[in-house]
Amino acid sequence: MPDTLTLTDNRTGLTYEVAIEDGAVRANALRQIKVDEADFGLMSYDPAFLNTASVRSAVTFIDGDVGILRYRGYPIEQLATESTYLETAFLLLFGELPTKDELARFEHEITFHTFVHENVKTLMTGFRYDAHPMGMFVSVVAALGTLYPEAAKVDDPDVRLAQVIRLIAKVPTIAAWSYRHNKGLPFVYPDNDLGFAENFLSMMFKMAEPKYEPDPALVRALEVLFILHADHEQNCSANAMRAIGSSKVDPYSALAGAAAALYGPLHGGANEAVLRMLAQIGDVKNVPEFVERVKSGEGRLMGFGHRVYKNYDPRAKIIKETADSVFEVTGRNPLLDIALELEKIALEDEYFVSRKLYPNVDFYSGLIYQALGLPTAMFPVLFAIPRTAGWLAQWLEGIVDPEQKIARPRQIYIGADERSYVPIEQRSAGVRDLVAAS
Ligand SMILES: CC(C)(COP(=O)(O)OP(=O)(O)OC[C@H]1O[C@@H](n2cnc3c(N)ncnc32)[C@H](O)[C@@H]1OP(=O)(O)O)[C@@H](O)C(=O)NCCC(=O)NCCS
C-alpha cells in the first residue's frame, strides 16, 4: 500500500493523491485543490495548532497517552535522578550528553558569565517598587540584547553559542534581582564558587552572612525542578521563541517574547492557581464537597488535566517524590495533606477517570516552591530560568533548519468586502454606539 492519501473534491469531482510523511501530510499539498484557475487553493484551518506540526524536531519527545517525556531520547525520570540542570541543558542544546571535559568547560563558561553589566542594575532599580518580577524579567532580558549588538549575527555559529552561554548564565541573576527589587532588598552578586541552583538561592536569600549555604537537599530539589522544566517541545512559549526567531532577530528579543508567553496564566501560572485552590479548600474534610462542586461545573480542579498528557504527567510523579525530600528539611506544608486527599479522590472518581484527568506538573510544584520560601509572584520566573535552555535549543534547531522560513500563518478573512470611504460628516452612528447597541 502506498504512503499516500487520496482526496476527492466533491465540488469538482477531481481526485488528488497526497504523500504521507512521518504520519503527516504537507498542508501546502492542499493548495493544488482548486475549483478553477483563479482559486487560491485549499487551505487547512487550525486555530491553536491543535493538529498541525509546525516543525520537524529532534529535541524533546512526548507521548501524552502513555505519559512519556524524553529529552533527546533520554527518559525524564533518568535525567531527574542522574543528571544536573547544566548537564541536561547541554544535552538539550547540543543533542548528546557531554563528556567529563565538555561538562567541566560548559559549567565553567556558564559560571563565569553569571555577572551582568552594571547598567542592568540601574535599569532594574528604575522599575516601580512593586513591579511584578516576571514583568521585570521579560523587559530586562530584552534590554540585555542592547548590550551585545553582535548578537544580531544569528547566522554565525560562534556568535550564537556566545549568546546561548550568556543567556543561560545570566537569567538566574536577572530573576533573583527582580525578586530583590520587589522586596526592597539589596542586589546580591553571583558567587562563582557555587553551583547553578545554589548560586541562584544565594542571590535570592543571602543577607549579611559572608557565604550563603543552603541545605543540599533543597539545592537538589531545585535542580530537579529545573531539569523537569527545561523543555516541553512545541508549547506556547517555545512556539513564540521559534516564530520570533524566524525573523532572524537576536535571541534576547526572541527569548523575551517567549518569556512573555510564559507569563500568561494558561501557561506559567497554573501552580499559583493550585496554591490558591488548596488554601480556599482549607481543610482535608472539605475535599469531598469541593470535588462535587468541580464535577457540577463550578470551576476546575487546578493542576489536573493537560492538553497533551491523557495519563499521569511523568513530571508530576517525580515532583511528588521531590516534595517529600523538601518537607523533611522545611517541615510539612499543611496544604500537602489537602493535595494528597484531592489526588486520591480524583484518581478514583468516574468524572476524572473518564476524562483522563490526571495531576500535571503544576499540582505539586507550587507546594515545593512555597516550602523553599519562594513567593508565588516568582513562580513564572522560576519556570523561565530552566526553560531558557529549552527555548534556546528550539531556537538553535530552527535557525539551521533548511525548511525554516519566516513564520507567517494564513488567515480566513471574514471582514467587510470592498467599500468606499465615507466622509466624516456623512457617518451616522459611531463605531462605539454600534457596538453598544449590538
Ligand atoms: C490544562 C487544560 C487547560 C487542558 O484543557 P483541554 O485539553 O482544552 O481540555 P478541555 O478543556 O477540552 O477539557 C475536557 C473535559 O475535561 C474537563 N476538565 C478538564 N480539565 C479539568 C479540570 N482541571 N477540572 C475539572 N474538569 C476538567 C472539561 O470540563 C471537559 O469536560 P466536558 O467534556 O464534560 O466538557 C485543562 O485541563 C485545565 O484547565 N486544567 C486546569 C488548569 C491547569 O492545571 N493548567 C496547567 C496545565 S500544565
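User: Before we start, what does contact mean here?

Analyst: Happy to set that out first. This is a predicted model. Two residues are in contact when they have heavy atoms within 4.5 Å.

User: Thanks! Leaving aside neighbours within four places in sequence, which residues is Asp349 in contact with?

Analyst: Asp349 sits in the loop between helix 14 (335-348) and helix 15 (350-354). Once neighbours within four places in sequence are set aside, the contacts of Asp349 are Val291 and Lys295.

User: Is Asp349 buried or exposed?

Analyst: Buried means a relative accessible area under 20%. The value for Asp349 is 13%, so this residue is buried.

User: Which backbone nitrogen does the side chain of Asp349 reach?

Analyst: Let's stay with that loop residue, found between helix 14 and helix 15. At 2.8 Å, its side chain reaches the backbone nitrogen of Tyr351.

User: How are helix 9 and helix 10 oriented to each other?

Analyst: Helix 9 (residues 236-245) and helix 10 (residues 251-263) have axes 8 Å apart and pack at about 150°. Angles over 145 degrees count as roughly antiparallel. Helix 9 and helix 10 are therefore roughly antiparallel.

User: And how many charged residues does the contact of helix 9 with helix 10 have?

Analyst: Helix 9 contributes residues including Met241 and Ile244, while Leu255 and Leu262 are among those from helix 10. By class there are 10 nonpolar and three polar residues, and the charged count is no residues.

User: How are helix 11 and helix 16 oriented to each other?

Analyst: The axes of helix 11 (residues 270-281) and helix 16 (residues 362-371) come within 8 Å and cross at roughly 80°. Since 65 to 115 degrees counts as roughly perpendicular, helix 11 and helix 16 are therefore roughly perpendicular.

Key:
Residues are numbered from 1 along each chain as its sequence is written. This is a predicted model: local features need pLDDT of at least 70, side-chain atom pairs count only at pLDDT 80 or more; totals for chains, interfaces and linings use all residues. Side-chain values use heavy atoms; hydrogens and water are left out. Axes are lines fitted to C-alpha atoms, for helices over the stretch in contact, and angles run from 0 to 180 degrees between N-to-C directions. Helices (H or I, at least four residues) and strands (E, at least two) are DSSP runs, numbered from the N terminus. Angles under 35 degrees count as roughly parallel, over 145 as roughly antiparallel, 65 to 115 as roughly perpendicular and the rest as oblique. Ala, Val, Leu, Ile, Met, Phe, Trp, Tyr, Cys and Pro count as nonpolar, Asp, Glu, Lys and Arg as charged, and the others, Gly among them, as polar. Buried means under 20% relative accessible area, exposed over 50%, partly exposed in between (1.4 Å probe, protein chains only). A polar contact is a pair of N or O atoms within 3.5 Å; within protein, one must be able to donate a hydrogen and the other to accept it, and residues adjacent in sequence count only if both atoms are side-chain atoms.
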